[in-house]
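Subject: Structure handover

Hi,

Here is the structure we talked about. My notes follow below it.

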Amino acid sequence: ITTIFLFSFQNQPQQMLNFNNGDYDSTWKSIDSLENRGLPKSALEKTLELLEIAKKDENPSQIAKCLIYRSKYESQLEEEGLIKAIFKWEDEIEKADFPTKPMLQSMLAEMYSSYLNQNRWRFDNRTQTTSWRAEDIRTWTIEQLIEKTAELYLVSTENEATQKVKLEDFNAILDKGINTENLRPTLYDFLAHRAIDYFGKQEAHLTQPNYKFYIDKQEYFSSAKDFVQINIETQDTSSFKFQTLLLYQKLLKFRLDSENVGALADVEKKLWKFIYGNSISETKSNDYERILRWASKNYYALPVASEFFYEWANLDYQKGQNYQPNPDEEGKWLWKKALKTCETAIKLHPKSFGAGQCQTLKNNILKKELALQIEQVNLPNSPFLIYVQYRNEPNIFGK
């Protein structure tokens, strides 16, 4: 997964910045060298100089990177540095141009969320008081911090012009993970996925209304073409699950209009996993399998099909772990079914990412296991029972 290089926010002589036109890499090596030598103040001074250069160059990627480093160093050097860094970031957003602004909004949202996670113990059981001050987040409640975070994530996805900005324009602050090539090709893809990841979290810490929104409809397990047509309504408009589905609809509409089938399929897969994990429908397991079957067939000729085969096989594998002997033998052969599905994917697209996932699952299914359980106390000169659990071991020899 592609992520942003966000750092953990934790009296030297000033050195002038030597900058050759466009040579940001050399300058960053110099700044990193100062940090590694324990000179954060000098590193900050060079970062501030480089920030001014990046703004003159109108380089959004380098502007964002400079602000990240500035926040890191100021947090180290100043008391309550993180709080000050957050409000300085707010000022930068007010002055920022497109496309830097939406990226900074998303990053600031993550900073607010991180601040809450790191200081949750301070906010537990706190209620709104007359001492609340907008300029001091230490006086805020959990609800206020969550509301601010949500607001920033949503506003970062509002400008559809980000759909025309290549994500590679922000390579200076991105850490590209496994299997991300061409799945997040635009800035909009990246920001939408970040917002979805935030809103897709549980809401146990929020006050639940009487008219709480539930994911309970079978129709949510639909192809992108059908899902975007669903009218999703609720009184609980602040529900994270509700907002997540709306974000998915917006992202899928964008992806349906493009020719990037891999990116579309990736969003569909992520959507269905979210729905399955949060649905309260009694038929969700069958509905999830149904849509995975459809996707495996629909994308059969493409490497991405192997990822749907894997999700399908993994679903059977997880259900098989809960198997209990029963007269109808229901669920007895789920692992065998999962194994066959994995082998199909591996044979179909052997070099794909999903095939690698299937191979790992196949190895787990075929892994040999043997366990013996004996009573701690047994009667002398009498037979005693041994409980034997085994898997993929046709013969056992012992004495």
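First, a term: buried means under 20% relative accessible area, exposed over 50%, and partly exposed in between (1.4 Å probe, protein chains only). This is a predicted model, in which local features need pLDDT of at least 70 and side-chain atom pairs count only at pLDDT 80 or more, while totals for chains, interfaces and linings use all residues. Residues are numbered from 1 along each chain as its sequence is written, and side-chain values use heavy atoms, with hydrogens and water left out.

**Helix α1**

Helices here are DSSP runs (H or I, at least four residues), numbered from the N terminus. α1 covers residues 24-36, 13 residues in total. From first C-alpha to last, α1 reaches 18 Å, close to the 18 Å expected at 1.5 Å a residue. That expected span is 1.5 Å times one less than the number of residues.

Which residues of α1 are buried? They are Tyr24, Thr27, Trp28, Ile31 and Leu34. Gly38 follows α1, and its phi is positive, near 75°.

**Salt bridges**

A salt bridge is a side-chain nitrogen of Lys or Arg within 4 Å of a carboxyl oxygen of Asp or Glu. The structure holds 20 of them.

- Asp189 and Arg255 meet at 2.7 Å, N to O. Asp189 sits in α8 (residues 187-199) and Arg255 in α10 (residues 240-256), so the pair ties together parts 66 residues apart in sequence. Asp189 is buried, at 0% relative accessibility. Arg255 is buried too, at 3%.
- Lys273 pairs with Glu311, the closest N and O atoms being 3.6 Å apart. Lys273 lies in α11 (residues 261-278) and Glu311 in α13 (residues 305-320), so parts 38 residues apart in sequence are tied together. Lys273 is partly exposed at 41%, whereas Glu311 is buried at 7%.
- Glu343 pairs with Lys362, with closest N and O atoms 3.7 Å apart. The pair links α14 (residues 334-348) to α15 (residues 353-366), 19 residues apart. Glu343 is partly exposed, at 37%.

Best wishes

Terms used
Helix = DSSP H or I, 4+ residues; strand = E, 2+ residues; numbered from the N terminus.
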